[in-house]
Amino acid sequence: MGEIDTDGLTLASGARPIPLKLVNGGGWPRPVPIVSTLPPVARFTADLLPDDLRRYVFDVAERQQSPVDFVAVAMLCGLSAVFGNKVRVRPKQHDDWTITPNLWGALVGPPSAMKSPTMQAALAPAYMLQDEMRALWEQQCASIAEDEMLAELSAKTAKSQAAKAMKSGDREAARKLLKESQGDGEEMPPCPRLIVNDATVEKLGELLNENRNGLLLIRDELPGFLSRMEDVECQGERAFYLEAFNGDGSFTFEAERLARVEISDTIH
């Protein structure tokens, strides 16, 4: 059994009470309830979503046991990345003002609120689409490699035929055979990307040049990203992301060479 002193402190049986006046003058203040000072947040209105998207959002939220808001924000940002530069909005009928559907979202919640698992689950279709794009790219690269080997065989055959034509004195025929065997040659296309997580602005600029439709930037820890933007040494990165905010600007940086980066659709 424990002992309770006059100030309400519970001590283990046999323990020696500590005089509170020696610890804190007149004694410890009585504990008070912890009250949150955060302002109230408006509840998520599911009716704003189309039927198909609303069903998907509530399905993921039910399976993850997470707030519906988390799923909706992540899903809308994923859709924005898929649309990218293919869709533009002109709010005014008689004006050329054009908006790119470029969205930035943030999930804010206490620890263990299922933010990361919910975001990954909500973006599952985007990850699946990226895997399909990569599989098609690998098939295309394999086809190009086969064409290159066939072109090499064709060039050897043409060279042999041209040599025979030269021996017979037909220089023009030999020239024609060599010219036809040269071909243009198809370059390997860059690997398509839809999602990036952590990259330097120089590398991100290269990826944006290769993926003109846009990219989805996912950062699991938002405080780390924001604190880096406040660093004096990261002024260039801060300028890059400010230009990327609207999704319709451009940014020029100097790495190994000058590169003009079209900011198409970088989302956080």
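Helices (H or I, at least four residues) and strands (E, at least two) are DSSP runs, numbered from the N terminus. On that basis the chain has 9 helices and 7 strands.

This is a predicted model: local features need pLDDT of at least 70, side-chain atom pairs count only at pLDDT 80 or more, and totals for chains, interfaces and linings use all residues. Residues are numbered from 1 along each chain as its sequence is written, and side-chain values use heavy atoms, with hydrogens and water left out.

**Stop 1: the whole chain**

Show the surface. Of the 268 residues, 28% are buried. Buried means under 20% relative accessible area, exposed over 50%, partly exposed in between (1.4 Å probe, protein chains only). Now turn to contacts, meaning heavy atoms within 4.5 Å. Among those with a separation of 6 or more, 55% join residues 24 or more positions apart.

**Stop 2: the largest pocket**

Rolling a probe the size of a water molecule over the atoms shows where empty space is left. Here a pocket is an open set of points on a 1 Å grid over the protein atoms alone, where a 1.4 Å probe fits, with protein on both sides within 12 Å along at least five of seven lines; lining residues have an atom within 4 Å of a point. Grid points are joined across faces, edges and corners, and a volume is the space filled by probe spheres set on the points.

The largest pocket has a volume of about 510 Å³. Select Val41, Pro67, Asp69, Phe70 and Val108: of its 15 lining residues, these are the closest to the centre. Then select helix α3, residues 68–83, which gives the most to this lining, with 3 residues. By class, the lining has 12 nonpolar, 1 polar and 2 charged residues. Ala, Val, Leu, Ile, Met, Phe, Trp, Tyr, Cys and Pro count as nonpolar, Asp, Glu, Lys and Arg as charged, and the others, Gly among them, as polar.

**Stop 3: the second largest pocket**

Its volume is about 440 Å³. Of the 27 lining residues, pick Ala106, Leu107, Met119, Arg219 and Asp220, the closest to its centre. Helices α3, α4 (115–122) and α8 (222–229) and strand β4 (215–217) each supply at least two lining residues. The lining holds 17 nonpolar, 6 polar and 4 charged residues.

**Stop 4: helix α4**

Which residues of α4 are buried? Select Thr118, Met119, Ala121 and Ala122. They sit on the same side of α4, because they cover an arc of only 165 degrees around the axis, taken from the directions from the helix axis to the C-beta atoms. Their cover includes α2 (51–64), α3 and α5 (124–167).

**Stop 5: the loop between α3 and α4**

Go to Ser112, in the loop between α3 and α4. Ser112 is not a glycine, yet has a positive phi of about 65 degrees. Ser112 is exposed, at 75% relative accessible area. Next, select Met114, also in the loop between α3 and α4. Phi of Met114 is positive too, near 70 degrees. Met114 is partly exposed, at 31% relative accessibility.

**Stop 6**

End on Ala81, in helix α3. Buried or exposed? Ala81 is buried, at 1% relative accessibility.
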